[in-house]
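Let's take a look at this model together, going from the whole chain down to a single residue. Please have the sequence and the 3D view open as you read.

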Amino acid sequence: MPSEQAHLRPATAADLGAVAGILAHYVTSSVITFQETPPDVAYWRQHLRRQACSGLPFLVADLAGTVAGYAYASPWRPQPAYRHTVEDSVYLAPGRRGRGLGRLLLDGLLAGCAAAGARQVIAVIADTGDPASLALHRACGFTDAGRLREVGHKHGRVIDTVLLQRAVGG
């Protein structure tokens, strides 16, 4: 399904089961996230409340009433001087890659970050050998900011992360 059929909207409590399921897939079957235990719906309820309080976006790509992916921004670091810098997270449901949904989510997230007063968005991407996330971020104007070597250890693998950065807002 092309992204034109997807509707981008703020996440709601009704979406959280699907969001939890999407992340659970990646937590248990991949190394793209360094989480080792899938967060449950209660975690996501708290996350949704934190997002609402922070004013930062938490979006879903809705395809005919089904959550096909989600994206959110969170504070980069807790120290006050970082208050205008956020980190992005973008996840697609299994089988939904290659349809423009990642781009739809990331474009919407960047606009939401700018509207929330963010000036810099950081992407921390596990270097798993799959170029999709790096390509998506670079296509959306992110540039390489660095590499952290051997910082992740999961499923018997040692993983680097690639840092990318993009300015938003003013």
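Predicted model: local features only at pLDDT ≥ 70, side-chain atom pairs only at ≥ 80, totals over all residues.

Residues are numbered from 1 along each chain as its sequence is written, and side-chain values use heavy atoms, with hydrogens and water left out.

**The chain as a whole**

The protein chain holds four helices and seven strands, where helices (H or I, at least four residues) and strands (E, at least two) are DSSP runs numbered from the N terminus. Read from the N terminus on, the order is β-α-α-β-β-β-α-β-α-β-β. The C-alpha trace spans about 40 × 40 × 30 Å along its principal axes. A compact globule of 170 residues would have a radius of gyration near 15 Å, and the chain agrees because it has 15 Å; the radius is taken over C-alpha atoms, and the globule rule is 2.2 Å times the number of residues to the power 0.38. Of the 170 residues, 44% count as buried (under 20% relative accessible area, with a 1.4 Å probe and protein chains only). Among contacts (heavy atoms within 4.5 Å) with a separation of 6 or more, 64% join residues 24 or more positions apart.

**Two helix pairs**

Axes here are lines fitted to C-alpha atoms over the stretch in contact, and angles run from 0 to 180 degrees between N-to-C directions.

| Helix pair | Axes | Angle |
|---|---|---|
| α1 (residues 16–29) and α2 (residues 41–54) | 9 Å apart | about 115 degrees |
| α3 (residues 101–115) and α4 (residues 132–139) | within 10 Å | roughly 50 degrees |

The helices α1 and α2 are therefore roughly perpendicular to each other (65 to 115 degrees; angles under 35 count as roughly parallel, over 145 as roughly antiparallel and the rest as oblique). In their contact, Leu16, Gly17, Val19, Ala20 and Leu23 of α1 meet Val41, Trp44, Arg45 and Leu48 of α2.

The helices α3 and α4 are therefore oblique to each other. Gly102, Arg103 and Leu106 of α3 make the contact with Leu136, His137 and Ala139 of α4.

Where does valine 121 sit? It is found in strand β5 (residues 120–126). Valine 121 counts as buried because its relative accessibility is 0%. Leaving aside neighbours within four places in sequence, the contacts of valine 121 include Val86, Leu110, Phe142 and Leu164.

Notes:
Buried < 20%, exposed > 50% of the residue type's maximum accessible area, 1.4 Å probe, protein only.
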